[in-house]
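This report walks through a two-part assembly, taking the chains one by one and then the places where they meet. Please keep the sequence and the structure open while reading.

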Amino acid sequence: MTGLTALCTVLAVGALLIILSYIAWKGIGALNIQFLTDVPRPVGEGGGIGNAILGSVVLLLLSSVIGLPLGICVGVYLSEIGRGRFGGAVRFIVDTLTGIPSIVTGVFVYAVLVLPMKHFSAWAGGIALALIMVPIVARTTEEMLKLVPHSLREGALALGAPQWRVTLGVVIPAAAPGIATGAMLAIARVSGETAPLLFTAFGSRFFPTSLNEPIASLTVQIYNYAISPYDEWHAQAWAATLVLMTLVLGINIVVRFLTRKRF
Amino acid sequence: MSWAPESNNPNFVGQVSTWRRALSPTGNTGDAIYRMLMLAVALLMVGIVVAMVIALLSDSMLSIRQFGFGFLTSQRWDPIKGEFGALPFIYGTVASSLIALLISVPFSLGIAIFLVEQAPQWLARPIGFLVELLAAIPSVVYGLWGIFVLAPFLRNHIQPLLAGAFGWLPLFKGQITGLGLLTGGIILAIMVTPIISAVVRDVLTAVPGTQREAALALGATKWEMIRVVLVNGAPGIAGAVILGLGRALGETMAVTMVIGNRPEISLSLFDPSYTIASAIANEFTEATGDLYLSSLVELGLILFLVTFVVNGIARVLVWNVTRKTGGVGRAA
């Protein structure tokens, strides 16, 4: 029986290693500076993912600027203020938001932002990603804030600090490393999102010039190249995947490294 | 009245107005602003979910009025004639998720038991991290790997074997293309395993050590003791499985790329299928006409409600087990 459970684990880890090594092997071939800085070109002319990388960075920045403060505030509310029935209801709502499939979030943002604006935009994509980010950040912030010992709060209150001072000046700085790692994990998760971007930011073949236009992103570009019938684009999809995986895995490994002493 | 600040009552010095006192027990202005801000943010969250439900309902009203409950039972998906029915998508979503769970749950349980009960501490942590890393891989990457690695592998090696050995079952009849319900189910299983195993690990760790010691003290073998632990954590394990189900139901990109995208119900695992999320992803930007778009939004509404219920059940079962690091999830 021990062998069986060990076998399950070996298979799972093996699957991970197979996928990662295949990405590395296939992706290295098409990776070069020109690939990383050029815009997509017609089949046979090369081209690259420069605009997709920039687009992903723009979308991540946009969603972080909207989603991180909002998520941290919700986390602070759930941990410090929300008590009783209303706090329980808000916690339930945040948990609901965590479980919503990202494509439904995309449909919602389409209905609320893209339809009235009459065009796809980076704003819509950023807001869709922020909506996915907020519940994750809120939950981890709440967990980290709950870990701060009550004696810290009581000490600050005893010294006469008002409640907002206690939270902003004592509790949040004490939980700051945990909140930061939660934010990094949320960013890693959101950087891999494709479905909500399919009909909010839509995608583009040019470098972004304005936030009111459709914008390319790494994930949507990988998707478009993967389902295309051209081998050259398949190779570019693998290389783009390598870039994406470096980012995502990098953040995850750094976070794990930073939190290793907490366990 | 004697408590009013405007009164000339000398007994009340520095009295705060009532609305400020209602907002902040200490009467501090900063506190009042802080609490108002936090309340506003919390209300914003509630407002967003309410807005989501309203937006989904209102945009699918056209389709609801046109088809009524027949939408859920009709098998026709004909954009040209304007006849839409959700049954093929509901079947595809449920079938692919069930296949994923059937494959994933034994593996996840095995991994969790190995990591909690058997592996030494220095091994469990890095291995656990590696298993959780499976959850960090974006969905589109799984889809890419599925199209170019898994599907050919299944098409050339596994599916002919299955067709040869079990071809008499309706499950294994039909054309072998490598892209179909089976491939979709396997990819979903790989994606869902880290989530189920992570939650089951937490559940098993939460079982008190006294239970294990009691079983061993009564003369149980190691595996009988593990069975006691499993029974003890059964609600949590059920919750983990249902949580995995919730994830599998909403999974979009990887499934879209390998499931074949044909809106027909077929008993064979080799045949292509179509899930709700894939339908929305594929056809949303190409929907011509309001009824088409409205039907797609109604599909989204169905998906929203189903995942809401499933996640709610999972939460009730696992409510005591929280993930300390949270957020190690996977993107769709």
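A residue is called buried here if 20 or more other C-beta atoms lie within 10 Å of its own, exposed if 12 or fewer do, and partly exposed in between. Under that rule Ile172(A), which has 19 C-beta neighbours inside 10 Å, counts as partly exposed. The model discussed here is a predicted one, and its values are computed from the atoms of that prediction.

**Chain A**

Chain A contains 10 helices and 0 strands, and its pattern along the sequence accordingly reads α-α-α-α-α-α-α-α-α-α. The C-alpha trace of chain A spans about 70 × 60 × 35 Å along its principal axes. Of the 263 residues in chain A, 52% are buried. When the contacts in chain A with a separation of 6 or more are considered, 72% of them are accounted for by residues 24 or more positions apart.

Along the chain Ile172(A) and Met245(A) are 73 residues apart, and their C-alpha atoms are separated by 31 Å.

**Chain B**

Chain B has 13 helices and 2 strands, and 47% of its 332 residues count as buried. Residues 24 or more positions apart make up 74% of the contacts in chain B with a separation of 6 or more.

Chain B is divided into domain 1, residues 18-67, and domain 2, residues 70-318. The C-alpha centres of domain 1 and domain 2 of chain B lie 34 Å apart, and the two are joined by contacts between 9 residues of domain 1 of chain B and 12 residues of domain 2 of chain B. On the side of domain 1 of chain B that touches domain 2 of chain B, the residues divide into 5 nonpolar, 3 polar and 1 charged.

**Two residues with a positive phi**

Most residues other than glycine have a negative phi. In chain A, Phe202(A) has a phi near 70°, a positive value in a residue other than glycine. Phe202(A) sits in the loop between helix 8 and helix 9 (218-226) of chain A, and Phe202(A) counts as buried because 22 C-beta neighbours lie inside 10 Å.

In chain B, Asn261(B) is not a glycine either, yet has a positive phi of about 55°. Asn261(B) is found in the loop between helix 11 (253-258) and helix 12 (276-283) of chain B. With 19 other C-beta atoms within 10 Å, Asn261(B) is partly exposed.

**Where the chains meet**

How many residues of chain B are in contact with chain A? There are 72 such residues of chain B, and they are in contact with 71 residues of chain A. Helix 2 of chain B (residues 29-67) gives the most to the side of chain B that touches chain A, with 16 residues. By class, that side of chain B has 47 nonpolar, 20 polar and 5 charged residues.

Helix 1 of chain A passes helix 5 of chain B in a left-handed crossing. In this pair, Thr9(A), Ala12(A), Val13(A), Ala15(A) and Leu16(A) of helix 1 of chain A meet Ile127(B), Leu130(B), Val131(B), Leu133(B) and Leu134(B) of helix 5 of chain B. The contact of helix 1 of chain A with helix 5 of chain B has 9 nonpolar, 1 polar and no charged residues.

Helix 10 of chain A, by contrast, passes helix 5 of chain B in a right-handed crossing. The residues that make this contact are Val248(A), Leu249(A), Asn252(A) and Arg256(A) of helix 10 of chain A, together with Phe129(B), Leu133(B) and Ala136(B) of helix 5 of chain B. By class, the contact of helix 10 of chain A with helix 5 of chain B has 5 nonpolar, 1 polar and 1 charged residues.

Notes: Residues are numbered from 1 along each chain as its sequence is written. Chains are lettered from A and ligands numbered from 1 in the order in which they are written. This is a predicted model: local features need pLDDT of at least 70, side-chain atom pairs count only at pLDDT 80 or more; totals for chains, interfaces and linings use all residues. A crossing is left-handed if the near helix is turned anticlockwise from the far one by less than a right angle, and right-handed if clockwise. Helices (H or I, at least four residues) and strands (E, at least two) are DSSP runs, numbered from the N terminus. Two residues are in contact if their C-beta atoms, placed from the backbone, lie within 7 Å. Ala, Val, Leu, Ile, Met, Phe, Trp, Tyr, Cys and Pro count as nonpolar, Asp, Glu, Lys and Arg as charged, and the others, Gly among them, as polar. Domain bounds come from an automatic or database domain assignment.
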